[in-house]
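Good morning, and thank you for the time on today's agenda.

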Amino acid sequence: MNRFPDSATEEGGSAEGVTAELEVVLLVEGDDTARDRMRGVLSVNGYQVLDAQNELEALALCAEHQGPIDLVVADDDMPELGIRALKLRPRAKVLFTSSATDN
């Protein structure tokens, strides 16, 4: 399912074509500004976002959240988080991101 339709707006408008059943993304990002921006982009595109500042918060959410978690998005400096999250949520996908600009 395409969750990034052309009709989504940067100002926070709604995205057409997004189903009522929300996929859940666990967003793990230590930088408040980056986490806020990523949460906004995901939310406007129809995702339910759980967010954590660090690995401990993320693992607590994995353990405590009552519904499914479809995707864990974390910085690439948290490789252990992916392994530990998958032990708690074996059906989740894990995506590592980086804001590094070095070669």
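The protein chain before you has 3 helices and 4 strands. Please keep in mind that this is a predicted model. The chain has 103 residues, and buried residues make up 31% of them. Consider next the contacts between residues at least 6 apart in sequence: 48% of these join residues at least 24 apart.

Let me begin with the charged side chains. In general, side chains of opposite charge can pair when their charged atoms come close. How many salt bridges does the structure hold? There are 4. I shall describe some of them.

In one, aspartate 32 pairs with arginine 35, and their closest N and O atoms are 2.7 Å apart. Both residues belong to helix 1, which spans residues 32-44. Because they are 3 residues apart in that helix, about one helical turn separates them. Are the two partners buried or exposed? Aspartate 32 counts as partly exposed, at 41% relative accessibility, whereas arginine 35 is buried, with a relative accessible area of 7%. The threshold here is that buried means under 20%.

A salt bridge also joins the side chains of aspartate 36 and arginine 39, at 3.1 Å from N to O. These two are likewise 3 residues apart in helix 1, so about one helical turn lies between them. Aspartate 36 is partly exposed at 41% relative accessibility, and arginine 39 is partly exposed at 25%.

Arginine 39 has a further partner. Aspartate 51 forms a salt bridge with arginine 39, with the closest N and O atoms 2.9 Å apart. This pair links distant parts of the chain, since aspartate 51 lies in strand 2 (residues 48-52) and arginine 39 in helix 1, 12 residues apart. Aspartate 51 is partly exposed, its relative accessible area being 29%. Taken together, Asp32, Arg35, Asp36, Arg39 and Asp51 are linked in a network of salt bridges.

I turn now to helix packing. Two packed helices are described by the angle between their axes and the distance between the axes. Here, the axes of helix 2 (residues 55-64) and helix 3 (residues 79-88) come within 9 Å and cross at roughly 15 degrees. Helix 2 is therefore roughly parallel to helix 3, given that angles under 35 degrees fall into that class. The crossing of helix 2 past helix 3 is right-handed.

Which residues of the two helices meet? From helix 2 come Glu55, Ala58, Leu59, Cys62 and Ala63, and from helix 3 come Glu80, Leu81, Arg84, Ala85 and Leu88. By class, this contact of helix 2 with helix 3 has 7 nonpolar, no polar and 3 charged residues.

Alanine 74 is found in strand 3, residues 71-75. At 1% relative accessibility, alanine 74 counts as buried. Leaving aside residues up to four places away in sequence, alanine 74 touches Val28, Leu81, Leu95, Phe96 and Thr97. One of these, Leu81, also takes part in the contact between helix 2 and helix 3. The C-alpha atoms of alanine 74 and serine 98 are separated by 8.5 Å, although the two residues are 24 apart along the chain.

That concludes my presentation, and I thank you for your attention.

Definitions and conventions
Residues are numbered from 1 along each chain as its sequence is written. This is a predicted model: local features need pLDDT of at least 70, side-chain atom pairs count only at pLDDT 80 or more; totals for chains, interfaces and linings use all residues. Side-chain values use heavy atoms; hydrogens and water are left out. Axes are lines fitted to C-alpha atoms, for helices over the stretch in contact, and angles run from 0 to 180 degrees between N-to-C directions. Angles under 35 degrees count as roughly parallel, over 145 as roughly antiparallel, 65 to 115 as roughly perpendicular and the rest as oblique. A crossing is left-handed if the near helix is turned anticlockwise from the far one by less than a right angle, and right-handed if clockwise. Contact means heavy atoms within 4.5 Å. Ala, Val, Leu, Ile, Met, Phe, Trp, Tyr, Cys and Pro count as nonpolar, Asp, Glu, Lys and Arg as charged, and the others, Gly among them, as polar. Buried means under 20% relative accessible area, exposed over 50%, partly exposed in between (1.4 Å probe, protein chains only).
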